[in-house]
Amino acid sequence: MRLSYIVNAISLMMMYISLVLLLPVLAAVITKDLNSVMPFISAAVLSAGLGYLMRELV
Amino acid sequence: MVCGLEFFEEIKKSEALFIVAVSWIIFAIISAIPYLFYDLSVVDSLFEAMSGITTTGATILSNYNYPPAFFFWRSLSQWLGGLGIIVLFVAVLPQFAVAGRQMFFAETPGPTEDKFTPRVRNTASILWKFYFGLTVLLIISLIIAGMPVFDAICNSISTLSAGGFSPNAESIMGYRSPIQTWLIIIFMFFAGASFNLEYKVFEKRNPLLFLKSDEFKLYLSVVLVSAGIISLILCCDHTYNIFDAIRHALFQVISLMTSTGSASADYTKWSYSAQVMLFIVMFFGSCASSAGGGIKMTRWLLVVKSMKNEIIRILHPNAVVSVKVDNNVVPPEVLRQVVVYVFYYFFIFAVGAILITLIEQSQTVGLASSITALGNIGPGFGVNGPMGSFQNVHDLSKVIMIISMLVGRLELIPFLIMFQRDFWTIKAE
């Protein structure tokens with residue numbers, strides 16, 4: 001089991017999952033419910049940030 | 001830093017299985033983050049997130065006073081999980097195209113490797129396009145049938161993914177529309193059938209191909225026979241008239257069998273015999289290469305044919321008998337794997353049922369929660385039925401259900417293989 005391989009694949013996925021999390025943000029903007037933007041933006045930033053960090057550390 | 005196509009070329013099967021398992025756990029954790037902002041506890045958020053991505057559809061929500069983005073994310077997470085997050089990455093990311101085969105089949109470990117193009121990336125891409133097309137078709141159909149646009153989007157993406165989350169607290173029953181119910185019955189049925197087979201039918205413009213598939217014929221037969229029996233029960237005990245009985249029986253049988261979990265009626269108020277039939281139906285599952293969960297019809301087909309052959313061997317010890325599906329002989333090692341899979345499935349179901357029964361002090365909650373989580377079905381019986389929720393279940397039971405949902409979605413293999421010592425060594429292939 002090679003950790004670097006696994007971390008690399010997972011970090012890549014995490015960065016792309018963050019993009020998917022922007023779709024509910026779009027739904028919130030369309031429905032003019034701006035209070036709902038923060039939960040999804042936070043999750044997206046966290047996912048992308050962690051993914052980037054993991055990729056850099058391996 | 002390890003990156004680029006050359007890295008993925010070298011990926012081993014054990015690593016692919018591990019990546020798939022960990023990816024689903026991480027996807028669940030990330031999916032749970034938005035729920036924390038809506039005052040759900042950590043366990044509840046994880047439960048809702050895992051239920052979403054594994055297309056289970058069991059909920060802890062006891063009220064539905066949440067904004068549209070919240071409901072959209074619940075449904076979207078099911079849609080993404082429906083065909084598999086890895087299948088999506090294989091389809092859209094060039095890096096995953098190279099190692100796609102290992103991870104594609106690690107995530108969708110059906111009894112046979114069913115693909116219709118030589119390149120796995122093309123297969124994944126076609127599957128997602130077809131899945132997207134069917135979803136759009138259902139959205140348009142539901143809007144024409146009078147469902148509000150937002151609800152039509154959420155219900156469609158939940159239906160095609162065999163998920164079952166709805167923005168309506170009463171699920172499909174809440175819309176009080178027989179036309180919308182029939183539309184969802186049709187699309188639920190096709191969400192539970194093999195997308196590969198459906199694509200072949202669509203590509204060759206030949207619906208008769210459905211009837212050449214042994215798995216599809218069994219799937220159709222089980223749906224019709226089960227719905228027929230339940231319709232009779234509902235008619236005889238005067239729950240509904242004949243037309244409503246057929247509609248609700250078909251809806252609930254397909255919903256629970258394909259692991260969608262939507263409801264056109266509160267079946268927990270039906271007679272005991274009708275509920276027992278629905279409980280049995282939960283063990284069948286959908287077809288292989290579908291969005292649905294459960295044991296899968298192909299496996300039942302192989303198990304039943306193997307049992308029949310064993311009886312023949314007892315009568316005629318020297319007879320050479322083989323198991324055939326769609327006129328192809330199934331190799332003995334595949335049969336062995338299928339029988340072992342079904343055994344493990346029932347073993348994990350039993351362990352989950354015993355643990356939840358002990359925690360909740362209720363056999364109904366224990367049995368129903370275990371199968372509904374492992375089969376990725378969603379609603380249970382009693383207070384955990386389609387109009388109820390799992391809010392009042394103990395946190396420990398919720399954790400057992402979260403694990404069961406993941407194990408059921410990954411079809412046991414990536415989970416069970418991690419208990420092998422060899423798996424963690426460099427020697428593992």
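Buried means under 20% relative accessible area, exposed means over 50%, and partly exposed lies in between (1.4 Å probe, protein chains only). Helices (H or I, at least four residues) and strands (E, at least two) are DSSP runs, numbered from the N terminus. This is a predicted model: local features need pLDDT of at least 70, side-chain atom pairs count only at pLDDT 80 or more, and totals for chains, interfaces and linings use all residues. Residues are numbered from 1 along each chain as its sequence is written, chains are lettered from A and ligands numbered from 1 in the order in which they are written, and side-chain values use heavy atoms, leaving out hydrogens and water.

**Helix α9 of chain B**
- The 15 residues of α9 (residues 178-192) should span 21 Å at 1.5 Å a residue, and the end C-alpha atoms are 21 Å apart, which agrees.
- The expected span is 1.5 Å times one less than the number of residues in the helix.

**Chain A**
- Chain A has three helices and zero strands.
- Of the 58 residues in chain A, 50% are buried.
- Contact means heavy atoms within 4.5 Å.
- Among contacts in chain A between residues at least 6 apart in sequence, 64% join residues at least 24 apart.

**Where chain A meets chain B**
- 32 residues of chain A are in contact with 38 residues of chain B.
- The two chains bury about 3200 Å² between them, and 79% of that is on carbon and sulfur atoms.
- Buried area is the accessible area (1.4 Å probe) that two parts lose on being put together, summed over both.
- A salt bridge is a side-chain nitrogen of Lys or Arg within 4 Å of a carboxyl oxygen of Asp or Glu.
- On the side of chain A that touches chain B, α1 (3-20), α2 (22-30) and α3 (37-57) each supply at least two residues.
- α1(A) gives the most to that side, with twelve residues.

**Salt bridges**
- The whole structure holds eleven salt bridges over all chains.
- B:Asp214 and B:Lys305 form a salt bridge through their side chains (3.7 Å, N to O).
- This pair links distant parts of the chain: B:Asp214 is in α11 (residues 214-236), B:Lys305 is in α14 (residues 297-315), and they are 91 residues apart.
- B:Asp214 counts as buried at 19% relative accessibility, while B:Lys305 is partly exposed at 26%.
- B:Glu411 and B:Lys296 also meet in a salt bridge (2.5 Å, N to O).
- Both B:Glu411 and B:Lys296 are buried.
- B:Asp395 and B:Lys398 meet in a salt bridge (3.7 Å, N to O).
- About one helical turn separates B:Asp395 and B:Lys398, because they are three residues apart in α17 of chain B.
- B:Asp395 is partly exposed at 38%, whereas B:Lys398 is buried at 2%.
- Salt bridges with shared partners join B:Asp44, B:Asp395 and B:Lys398 into one network.

**Two buried residues of chain B**
- B:Ser262 is in the loop between α12 (242-257) and α13 (272-281) of chain B.
- B:Ser262 counts as buried, with 3% relative accessibility.
- Leaving out residues up to four places away in sequence, B:Ser262 touches several residues, including B:Gly164, B:Ile172 and B:Phe251.
- B:Phe349 is in α15 (residues 332-360) of chain B and is buried, at 10%.
- B:Phe349 and B:Ala368 are 19 residues apart in sequence and 9.8 Å apart in space, C-alpha to C-alpha.
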